[in-house]
Amino acid sequence: MNEQEKPMMMSMALGVALAATAPASNELTVYNQGFGLVKEVRTIDLKAGRQTVAVEDVASMIEPASVSIHSLTDADSFEVLEQNYQFDLISPIAILNKSVGNRVRFVRTLGTQRDVLEGTLISAPTAIVGTPEGGSVHTYNGMVIRTDDGRIVLNPTGEIEVTEVPKGLISKPTLLWDLESKKAGPNHIELSYISRGMKWEADYVLTLLESSKADVQGWVTIDHQSGGTWEDAKLKLLAGDVQRARPAAPEMDAIALGSQMRKGAGGGFQEESLFEYHLYTLQRPATIRNKEIKQLSLLEGRNVPVVKRIIVDATRQFGRFFPGEGEIGTGDIKPQVRVEFVNDQKSGMGMPLPRGRVKVYQRDKSGSVQLLGEDNIDHTPRDEKVSLVVGRSFDIRATRKRTEFRRITDRSVQETFEIEVRNRKDSAETVTVIERFWGDWTIQKKSQEFVKEDSTTAVFTVRLDPNE
């Protein structure tokens with residue numbers, strides 16, 4: 001460093017102001033496609049004029065281009081000229097990589113003897129390997145040292161000492177601002193930014209009760225890996241499909257709850273409309289720690305009316321049906337079992353439901369809860385039907401076969417199908433049989449009535465007595 005550089009560096013050092021290590025307040029909005037919006041209120045002690053401000057303890061997966069700074073003390077009190085995000089954190093690998101070309105001291109044990117090597121580090125390791133039990137580091141892969149007597153030592157095993165921590169390494173992820181302040185004194189600022197490494201998902205438990213009722217419990221699970229920790233934060237979840245430009249992040253999905261949800265101890269989530277979305281705020285502080293999975297109670301519905309449906313839908317998965325090209329959807333069929341309810345206030349719900357997984361349970365005769373099946377639901381607004389595929393029926397079977405086929409013209413055929421449905425239970429059941437058609441079609445003969453649900457679907461409702 002020459003004499004001309006010294007005053008400049010000393011002036012810069014005097015101008016550094018560190019933001020408060022612990023923000024006065026935190027707010028966190030989590031989206032369920034891997035990112036979150038962080039808002040903090042901090043206090044910095046500014047000097048008049050140009051200076052550097054270091055803000056530590058930000059998320060290590062911050063998107064630097066998303067940072068917004070706003071003074072709560074005086075909106076025009078300062079101007080940010082430049083921002084840098086420093087994330088080269090101190091670690092053994094980082095120190096060694098920045099020490100290439102510098103003198104090092106290496107101590108290794110050969111039997112009962114301690115051997116000390118001194119020289120220049122000419123190649124740093126690309127990985128550090130510890131003991132299988134997770135103990136201390138014992139191997140430096142890729143390390144090369146030129147000793148003072150001219151020897152080249154490859155991958156030595158032992159302890160290495162460096163004379164100093166190389167410049168440019170920091171202990172915490174840091175935002176560094178070059179700003180111009182109009183006046184000196186404490187300044188309260190609002191800092192907001194987007195960080196990756198946060199996501200949530202909704203999970204539901206639907207427990208079937210007697211008399212075609214069910215209890216519904218909703219949970220939200222937050223998976224936090226952003227590198228930051230927020231104590232007693234105001235937690236918010238956004239509901240809706242928010243578009244994000246690529247490649248910054250994938251399109252996000254969000255959550256919707258409802259005003260009819262029951263609040264747990266200490267307060268649950270409260271809903272408000274925001275643009276074309278729903279915003280839900282937890283009515284108590286929550287601490288969100290790095291590398292933590294947190295579950296919060298989301299909603300509850302009691303004695304929700306449900307309907308069990310047993311469905312024979314032989315041709316649903318076969319795509320467009322070309323008559324005469326094989327017997328599509330024939331043979332033995334295991335009917336699909338669904339549990340359905342309407343998401344309205346009359347049913348004890350009326351809560352917009354976020355996309356998530358639903359597990360369906362029922363208690364056996366001894367009172368133990370048993371899993372019946374699980375299914376995924378999409379975002380479901382109020383007053384819409386939720387239809388869950390639980391599994392396949394064990395005691396209800398169907399057989400579908402084509403008994404006649406006749407081609408009338410090049411563009412029309414006449415077919416006869418026989419569908420036999422068998423109930424092997426000791427109780428009566430109702431089975432829904434769905435037949436699908438394409439093009440112009442007419443049913444000329446039938447054994448029972450049906451409902452034409454749409455232009456391609458005929459629905460038969462079959463009531464079966466025990467063992468019928």
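Which residues does L206 touch, not counting residues up to four places away in sequence? In this predicted model, local features require pLDDT of at least 70 and side-chain atom pairs count only at pLDDT 80 or more, whereas totals for chains, interfaces and linings use all residues. Residues are numbered from 1 along each chain as its sequence is written, and side-chain values use heavy atoms, with hydrogens and water left out.

With contact taken as heavy atoms within 4.5 Å, L206 touches A214, D215, V216, V339, F341, V358, K359, V360, Y361 and L388. L206 also belongs to the largest nonpolar core, which has 55 residues and in which L175, Y193 and L206 touch the most other members. The strand β16 gives the most to this core, with six residues. A nonpolar core is here a set of buried Ala, Val, Leu, Ile, Met, Phe, Trp, Tyr and Cys residues joined through side-chain atoms within 4.5 Å; buried means under 20% relative accessible area, exposed over 50%, and partly exposed in between (1.4 Å probe, protein chains only). Strands (E, at least two residues) are DSSP runs, numbered from the N terminus. In soluble globular proteins, nonpolar side chains tend to be buried together.

The structure holds one cavity of 30 Å³ or more. A cavity is a set of points, on a 1 Å grid over the protein atoms alone, where a 1.4 Å probe fits but cannot get out; a pocket is an open set with protein on both sides within 12 Å along at least five of seven lines, and lining residues have an atom within 4 Å of a point. Grid points are joined across faces, edges and corners, and a volume is the space filled by probe spheres set on the points. The largest cavity contains about 50 Å³ of space and is lined by Y204, L206, V216, F341, L353, V358, I377, V386 and L388. At least two residues of this lining come from each of β16 (198-208) and β28. The lining comprises nine nonpolar residues, with no polar and no charged ones, where Ala, Val, Leu, Ile, Met, Phe, Trp, Tyr, Cys and Pro count as nonpolar, Asp, Glu, Lys and Arg as charged, and the others, Gly among them, as polar.

The second largest pocket has a volume of about 580 Å³. Of its 26 lining residues, L208, K308, V337, V339 and K425 are the closest to its centre. The strands β23 (307-313), β25 (336-342), β28 (385-392) and β31 (429-436) each supply at least two residues of the lining, and β23 provides the largest share, four residues. The lining of this pocket divides into 11 nonpolar, seven polar and eight charged residues.

Three aromatic pairs were found in the whole structure. Rings of Phe, Tyr and Trp (its six-membered ring) pair if their centres lie within 6.5 Å; planes under 30 degrees apart count as stacked, over 60 as edge-to-face and the rest as tilted. Y31 and F35 form a stacked pair, at 4.5 Å centre to centre and 15 degrees between the planes. Y31 is buried, with a relative accessible area of 11%, and F35 is buried at 3%. F450 and F460 form a tilted pair, with 5.4 Å centre to centre and 45 degrees between the planes. F450 lies in the loop between β31 and β32 (451-454) and F460 in strand β33 (residues 457-464), so the pair ties together parts that are 10 residues apart in sequence.
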